[in-house]
Amino acid sequence: METLLVVEDDPGIQKQLKWSFSDYEVIIAGDRKEAITALRRYEPKVVTLDLGLPPDEANASEGLATLKEMLELNPKLKVIVITGNEDKENALSAIAMGAHDFYQKPIDDDTMSVIIARAFWVANIELENETLKGASLDNNGFLGNSPQVQKVCRMVERIAPTEVTTLLLGESGTGKEVLARAIHQQSPRKDQPFIAINCASIPENLLESELFGFEKGAFTGAHKTTEGKIECANGGTLFLDEIGDMPYSLQAKILRFLQEKVVERVGGRKEIAVDVKIVCATHQHLQNMVEQKEFREDLFYRISEITINIPPLRDRGEDVVLLARAFLQNYNKQMQRNINNFSDDAITALTNHRWPGNIRELQNKVKSAVIMADNKQITADDLALPIGDEEQVKLALNLRHVREAAEKQAINKALALSNGNISNTAGLLGVTRPTLYSLLDKYGLKTD
């Protein structure tokens with residue numbers, strides 16, 4: 001049964017709404033404090049909110065303040081504001097603040113039923129869409145359910161349509177090029193070239209001609225005029241991987257290109273305009289390199305208009321198993337194998353391993369395991385990984401243990417924020433005072 005929170009100070013309307021909406025679990029709150037406490041405790045998807053709340057029943061100031069606080073706690077909350085018959089202005093103000101809908105008194109049960117049912121429908125559709133987005137950013141393979149990865153995904157969705165220069169920071173093997181391709185694929189330039197060049201893999205004396213191209217006769221062996229990688233990316237995206245390894249002498253020329261969007265080929269005198277979107281990446285700590293005069297400060301600020309920090313695999317929790325299963329599915333198809341899953345000891349090994357090589361290491365491990373596996377399941381031996389402390393892993397995955405640790409941490413934080421005040425702590429946690437006292441006894445916590 002869905003939970004509906006009704007914020008209303010009139011006892012008569014409280015009873016009317018409670019009995020009219022018997023299909024829902026109706027929670028009543030009479031003022032802002034009760035409303036916020038109920039929102040924390042019951043986490044409803046839909047709220048009806050009378051704007052005329054005490055101590056300012058004649059106006060909408062307290063109701064609008066309640067709306068603001070509710071949406072700060074849960075921006076996805078569907079709030080239906082209820083106003084007086086002649087109070088359309090405040091209703092529109094509430095909509096502008098983020099309310100889902102409004103309704104003017106007197107209340108008609110049938111009409112309100114339709115509005116509330118529609119609000120629940122929208123809330124559930126949005127929740128379903130979020131679930132379907134689930135583990136993937138797009139078809140480029142950047143998978144993950146962890147909060148860190150979801151944050152990266154949201155940043156990419158905002159960055160991709162713009163022309164901002166983006167810097168991707170992360171350890172080797174974290175998927176920087178995969179993410180750069182995802183930015184390109186979600187941009188208006190997706191049908192144009194995506195050109196990647198690794199600044200660390202090309203000798204210093206060749207990197208300039210690779211990037212900028214060269215004119216015929218510019219040096220020994222230059223038998224014909226050749227476009228550089230930058231020109232080849234015209235209209236699309238240029239990905240400068242490991243830019244932290246770019247020679248200092250070349251950084252000034254790259255800076256000029258980024259500022260002017262023109263290039264001069266080696267041995268040439270003509271400026272060539274180039275229209276490209278720039279994405280850079282490195283595993284280096286560029287700010288330290290700037291301080292040590294190994295990387296130009298002006299170039300650093302030019303390439304880092306927006307910076308995305310890609311988390312290492314060891315900090316992504318359940319994503320390890322999610323990625324491993326995705327790789328298993330891919331290699332099953334490629335190698336025409338029929339391996340169903342990972343054994344328990346393989347899951348334990350995957351969870352315990354620190355993954356210094358990140359996603360690239362995991363991908364290689366799964367690929368070799370698909371080749372070596374004799375059975376329908378991949379084992380820890382197939383992965384060539386030690387199982388480690390299995391009991392510790394089981395403890396970490398035990399829901400009761402995880403829940404108790406989270407409860408204890410939340411209570412300590414709420415006590416600190418409330419200065420030890422029991423009522424305020426219970427309100428922050430969304431529980432009753434007796435429940436809080438029970439939890440304090442359970443975990444041996446002190447209110448001082």
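This is a predicted model: local features need pLDDT of at least 70, side-chain atom pairs count only at pLDDT 80 or more; totals for chains, interfaces and linings use all residues.
Residues are numbered from 1 along each chain as its sequence is written. Local features need pLDDT of at least 70, whereas totals for chains, interfaces and linings use all residues.

The secondary structure of the protein chain comprises 20 helices and 16 strands, where helices (H or I, at least four residues) and strands (E, at least two) are DSSP runs numbered from the N terminus. The radius of gyration of the chain is 29 Å, well over the 22 Å that the globule rule gives for 448 residues, so the chain is more spread out than a compact globule. That radius is taken over C-alpha atoms, and the rule is 2.2 Å times the number of residues to the power 0.38. Along its principal axes, the C-alpha trace spans about 95 × 60 × 50 Å.

UniProt, in an unreviewed entry, places the feature "domain: Sigma-54 factor interaction" at residues 142-371; such annotations may be inferred rather than shown by experiment. This span is 44% helix and 15% strand, and its end C-alpha atoms lie 24 Å apart.

The largest pocket holds about 550 Å³ of space. Of the 26 residues that line this pocket, the closest to its centre are Gly 175, Val 178, Phe 327, Ile 359 and Gln 363. A pocket is an open set of points on a 1 Å grid, where a 1.4 Å probe fits, with protein on both sides within 12 Å along at least five of seven lines; lining residues have an atom within 4 Å of a point. Helices H7 (176-185), H13 (319-335) and H15 (358-372) each supply at least two residues of the lining, and H13 gives the largest share, eight residues.

Note on methods:
Side-chain values use heavy atoms; hydrogens and water are left out. Grid points are joined across faces, edges and corners, and a volume is the space filled by probe spheres set on the points.
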